[in-house]
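Please open the structure in your viewer and keep the selection tool at hand. The stops below say what to select and what is found there.

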Amino acid sequence: MPDNDAAPTWENWARTARATPARLAHPRDEAGVAEVVARAAAAGLRVRARGAGHSFTPAAMTDGVLLDLERLAGLEAVERRHDGAARVTVRAGTRLFHLHHLLASHGLAMTNLGDIDRQSIAGAISTGTHGTGLAFGGLATQVSGVRVVTADGAVRGGGIDDAVGSPERDLFELARLGLGTAGVLTAVTLEVVPAFWLRAREEPAPLGPLLADLDTFARSADHAELYWFPGTRRALTIRNQRLAPDDAAAWATDQSGLKGRLRLLRQEARGLVDEELLSNGAFEVVNRLATAAPGLTAGLNRISARTLAPREHVAPSYQVFCHKRRVRFREMEYALPRAVVGEALTELDRWLRRTGEAVPFPVEVRFAAPDDVWLSTARGRETAYVAAHQYARMPHRRWFDAAERILVEAGGRPHWGKLHTRTAEDLAAHYPLDDVARVRRALDPAGVFANPYVDAVLGALAPPASGSATT
Ligand SMILES: Cc1cc2nc3c(=O)[nH]c(=O)nc-3n(C[C@H](O)[C@H](O)[C@H](O)COP(=O)(O)OP(=O)(O)OC[C@H]3O[C@@H](n4cnc5c(N)ncnc54)[C@H](O)[C@@H]3O)c2cc1C
């Protein structure tokens, strides 16, 4: 494939954003990235890198040069620590599903992950991708170093060990979660842990008691989350508990006999049914029915919620954390102060009941520890995430507008990669946007890495050039 292809219109996974870049480049290596950036900047073109296109927002869109970093994949270095953990440097275009296997071959794993693993590591950290767990932060909190091609075509590095306030540390702060505004990430250094297994317990539970004491639920496992079907009073609770190596080994021994293998087969069969019900084949059918006859949605949700049954399984961490999502949907997600999440969910429930809005997709609730990453949605506070979804063939506006009103009122911060309507003006109270602007000005005075979305949510540095097309 040539380095600079004629660029077709590119659309994200959710089909909520598209752009026709002037050029699409597939650099082979870091030097190739630097050359493309330097040439584009000299020609007055803007530059964006894309990952897997799994952001719902037009974060990666540009009408300038679009960089695809899929050739920059794989591990660069593994630096082991005495406790079995390690610092690994991975090329920025590496997809998470590939990274799991690379890490596993060294007996290592990422300490926490989101729901899927289709994303590139650079794309995932750049929008603040997170999973769940009271004591765990999002993916950007696992980053300890970055290598970035900046607007002048130079390759610069920065990391957690650089002095606070130094140019290297500033670069690190903006590059580990900054929507690509520091420049093009070419490598990311991650703090990873010894490979571990999770025991997953999934069980339906009545919504009322859960909402009345979400804290107890959040504390009931290392990684707790719940899915609630709108219009019903039932939720699917998921508790993923980290297993000590001895427990995982004992579990594996337990499965080695005939009985164990049969149990494992049953577990896998149940897993398949649940994965299909909640996320894929059968769920697509349910959603198509709801699209054809929205009035049936509440009934369908009740059936879905009743079909859920308790299940327990044990598997390597990344297999438990990540799922396949074949049913296309739209998503909005807000990070709330944890203490108010029960109230906010009750408000969402009230709105859904009052309006009878047809929403066949569950609402998802997750948790995160406070962190100090500049643009992290969990910055400085105990956090609970509330995600509203809608099937891609059904209208999402009214539901998302209502959800956004309620979640903003509750002090929410929008996920940078999921649909929302907040602007820099709204977000200034939540983030150190002055620091962000200062570092952007120092690294990219001409706004080479800006696009309309970045300008809207972080503030425009220079008069915006012609924008990317979005829907
Ligand atoms: C089905 C589905 C499930 C999801 N589940 C979760 C979840 O569980 N938790 C969660 O928090 N989010 C989730 N998301 C959101 C998703 O993780 C984020 O939107 C993520 O940013 C997507 O990564 P990507 O590789 O597709 O990046 P893209 O969407 O392609 O890009 C994201 C941003 O990163 C920038 N970027 C990409 N590569 C580089 C680079 N090399 N250098 C600099 N900037 C770069 C882009 O310019 C853009 O600003 C989900 C999305 C989908 C569609």
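The tour visits the ligand and then the cavities.

The model is predicted, so local features need pLDDT of at least 70 and side-chain atom pairs count only at pLDDT 80 or more, while totals for chains, interfaces and linings use all residues. Residues are numbered from 1 along each chain as its sequence is written, and side-chain values use heavy atoms, with hydrogens and water left out.

**Stop 1: the ligand and its shell**

Select the ligand and the residues around it. There are 36 such residues, and the closest are A49, H54, S55, D115 and T127; a residue belongs here if one of its heavy atoms lies within 4 Å of the ligand. By class, the shell has 14 nonpolar, 16 polar and six charged residues. In this scheme Ala, Val, Leu, Ile, Met, Phe, Trp, Tyr, Cys and Pro count as nonpolar, Asp, Glu, Lys and Arg as charged, and the others, Gly among them, as polar.

**Stop 2**

Select H54, where a backbone N or O atom lies 2.7 Å from an oxygen atom of the ligand. Next select Q119: an N or O atom of its side chain is 2.8 Å from an oxygen atom of the ligand. Finally, select K418, which has a polar side-chain atom 3.5 Å from a nitrogen atom of the ligand. On its own the ligand has 980 Å² of accessible area, and the protein covers 98% of this; the area comes from the Shrake-Rupley method with a 1.4 Å probe.

**Stop 3: the cavities**

Rolling a probe the size of a water molecule over the atoms shows where empty space is left. A cavity is a set of points, on a 1 Å grid over the protein atoms alone, where a 1.4 Å probe fits but cannot get out; its lining residues have an atom within 4 Å of a point. A volume is the space filled by probe spheres set on the points, which are joined across faces, edges and corners. The whole structure holds three cavities of 30 Å³ or more.

Which residues line the largest cavity? Select G128, H130, G138, A140, T141, L177, D371, S376, T377, A378 and Y385 to see this lining. The volume of the largest cavity is about 60 Å³.

Now select L113, G114, D115, G131, T132, E225, N240, F321 and R366, which line the second largest cavity, with a volume of about 50 Å³. The second largest cavity lies between domain 1 (75–195) and domain 2 (197–414), because both give residues to its lining. The domain bounds come from an automatic or database domain assignment.

Technical notes
A polar contact is a pair of N or O atoms within 3.5 Å; within protein, one must be able to donate a hydrogen and the other to accept it, and residues adjacent in sequence count only if both atoms are side-chain atoms. On a 1 Å grid over the protein atoms alone, a cavity is a set of points where a 1.4 Å probe fits but cannot get out, and a pocket is an open set with protein on both sides within 12 Å along at least five of seven lines; lining residues have an atom within 4 Å of a point.
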